[in-house]
Amino acid sequence: MDKAIGGEKVNKKRGKQSLVFASPPIITSTANIVGPMEGEGLLQEYFDYIMPDNLNNLESWEQCESYMMERAIKTAVNKDNSTMEMIDCILAGDLLNQLMSTHFAVRKLNRPFLGLYGACSTMVESLLLGAMFLDGGFANKVAVAASSHHDAAERQYRFPSELGVQRPLGSQWTVTGSGAAVLSILGNGPRITAATIGKIVDYGIKDPNAMGSAMAPAASDTLLRHLQDTERAPEYYDMIFTGDLGSVGKQLVIQLMQEKGMDISSNYQDCGCMIYREEQDTHAGASGCASSAVVFSGYIYRALMTNKLKKILLLGTGSLHSTTSYQQKESIPCIAHAVAVEV
Amino acid sequence: MSNEMISKQSKEQLKQQMKQQEYQDKVDILTPKPPLLKNICWAFVVGGLICTFGQYITDYFAMLGLSKKEASSYTTVVLVFLGALFTGLGVYDELGKRAGAGSVIPITGFANSIVAPAMEFKREGYVFGVGAKMFVIAGPVLVYGMITAFIVGVIYWIRQ
């Protein structure tokens, strides 16, 4: 084994892109907040707070998104019975240009902060990096968070909300909400045991309305890499979740994995297919940073705490395009990161 | 670069293209198709109703004794006002979701395309918000509409 500067180095790297934590960090609390439409959806009992409308008495959608993230982080810290001063670092991000919502949310929290952009993979990216902070001995407690807001995202990426356009049936609905988690070296809760850092995968999809199909190859690439690196079979996990592929992307991942000789159809679900009801007319399901963030901090975390699920793999999936890149006819580069959470 | 290397590179490119095409085919199979018949019926009925209503207003103005040209100008004003009003009330986007081109093509859709961004960008102020963003969607329509009108005008002028 290599000698590190400070002495014996434990090699936590596995295979090509994965890491296995030596002392797995504990997710000691989570919290979330959503908009009214998500509150009427399938997971309403798993949300800490449902806002009455998408503005919540604030002046702009962007302010509302900042409010959601600030509230989610504060609630998670409260639930952990900690104070904000005990948080060594905040890792968070959102979808808006220059991480607008995150920066204004964290401004008032007065803690060391690193902003992350991984589009809709941000929640998993922050969990992954937070776990590395703790296992590396650089912090004792970190808070991670991600947020998105339907109207703020629509106006940045697509059209004004009052414009009378027909959305294609393959398109998804950006979730209004924010999810946060506190990771600690001590305490009770499920542990982040392993992680896989994804590569950018681009299969040439150019339609920004078809993000599920653009991201599916990235998701299956990281999933396959994770299973190979950790020498696990898909059955090792009670459930494998992807972040926001929607109904089209979900089918594509199952197909792509089948081509590699792996059947994941029985223990695989997409967070984007779990939030809205069919009659809510969102078409292919949910998307946005908050899709994986609110499902993980709500439904999945509670399932882990009540032992309904014992081993899960969460894949955050992100479309890394911008309005400029698609107007310049570029395809959509996508990424997926994975964290394994076990009881 | 040697020829061999170039051919190897283009082979790689071809392989990449084939892989992308193969994937695109898979995506096309899984992506839900728009309900064409339903959409066409909605567009026909809604577009037809808006236009019939426009005709009704024109006839009404003509009945009041306005000339044909004046009547159609006033009709435009009324329809643009109604398009803007229903956008402000948050009704027009609900209509557009179902009617598609049926509510985009008539002049009420043009009003919608100007009022919607104006409302959306009010928070960025009246100059850089409303003023600058108002024509974000209608701008291209105006530019190419005027260019087309110019070209048609030139053709008409030459033929005379």
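Start by selecting helix 6 (residues 211–229) and helix 7 (residues 246–259) of chain A in this predicted model. Their crossing is right-handed. Look along the pair and you'll find them packed at an angle of about 40°, with the axes 8 Å apart.

Now show the side chains where the two meet. From helix 6 of chain A, pick Gly212(A), Ser213(A), Met215(A), Ala216(A), Pro217(A), Ala219(A), Ser220(A) and Leu223(A). Facing them from helix 7 of chain A are Gly246(A), Val248(A), Gly249(A), Leu252(A), Val253(A), Leu256(A) and Met257(A). Colour this contact by class and you get ten nonpolar residues, five polar ones and no charged ones.

Zoom out to the whole of chain A. Switch to cartoon and you have nine helices and 17 strands to trace. The C-alpha trace spans about 65 × 50 × 40 Å along its principal axes. Does the radius of gyration of chain A agree with a compact globule, or disagree? It agrees, because a compact globule of 343 residues would come in near 20 Å and chain A has 19 Å. Colour chain A by burial next: buried residues account for 55% of its 343 residues. Take the contacts between residues at least 6 apart in sequence, and 79% of them join residues at least 24 apart.

Next stop, the place where the chains touch. Select 27 residues from chain B and 23 residues from chain A, and you have the contact. On the chain B side, the elements that give two or more residues are helix 1 (3–30), helix 4 (92–99), helix 5 (101–104) and helix 6 (107–120). Click on helix 6 of chain B in particular: it gives the most to that side, with seven residues. Taken by class, the chain B side has twelve nonpolar, ten polar and five charged residues.

Now colour chain B by domain. Domain 1 covers 1–31 and domain 2 covers 36–159.

Last, go to Ser10(B), which sits in helix 1 of chain B.

Technical notes:
Residues are numbered from 1 along each chain as its sequence is written. Chains are lettered from A and ligands numbered from 1 in the order in which they are written. This is a predicted model: local features need pLDDT of at least 70, side-chain atom pairs count only at pLDDT 80 or more; totals for chains, interfaces and linings use all residues. Domain bounds come from an automatic or database domain assignment. Two residues are in contact if their C-beta atoms, placed from the backbone, lie within 7 Å. Helices (H or I, at least four residues) and strands (E, at least two) are DSSP runs, numbered from the N terminus. Ala, Val, Leu, Ile, Met, Phe, Trp, Tyr, Cys and Pro count as nonpolar, Asp, Glu, Lys and Arg as charged, and the others, Gly among them, as polar. Axes are lines fitted to C-alpha atoms, for helices over the stretch in contact, and angles run from 0 to 180 degrees between N-to-C directions. A crossing is left-handed if the near helix is turned anticlockwise from the far one by less than a right angle, and right-handed if clockwise. The radius of gyration is taken over C-alpha atoms; the globule rule is 2.2 Å times the number of residues to the power 0.38. A residue is buried if 20 or more other C-beta atoms lie within 10 Å of its own, exposed if 12 or fewer, and partly exposed in between; C-beta atoms are placed from the backbone.
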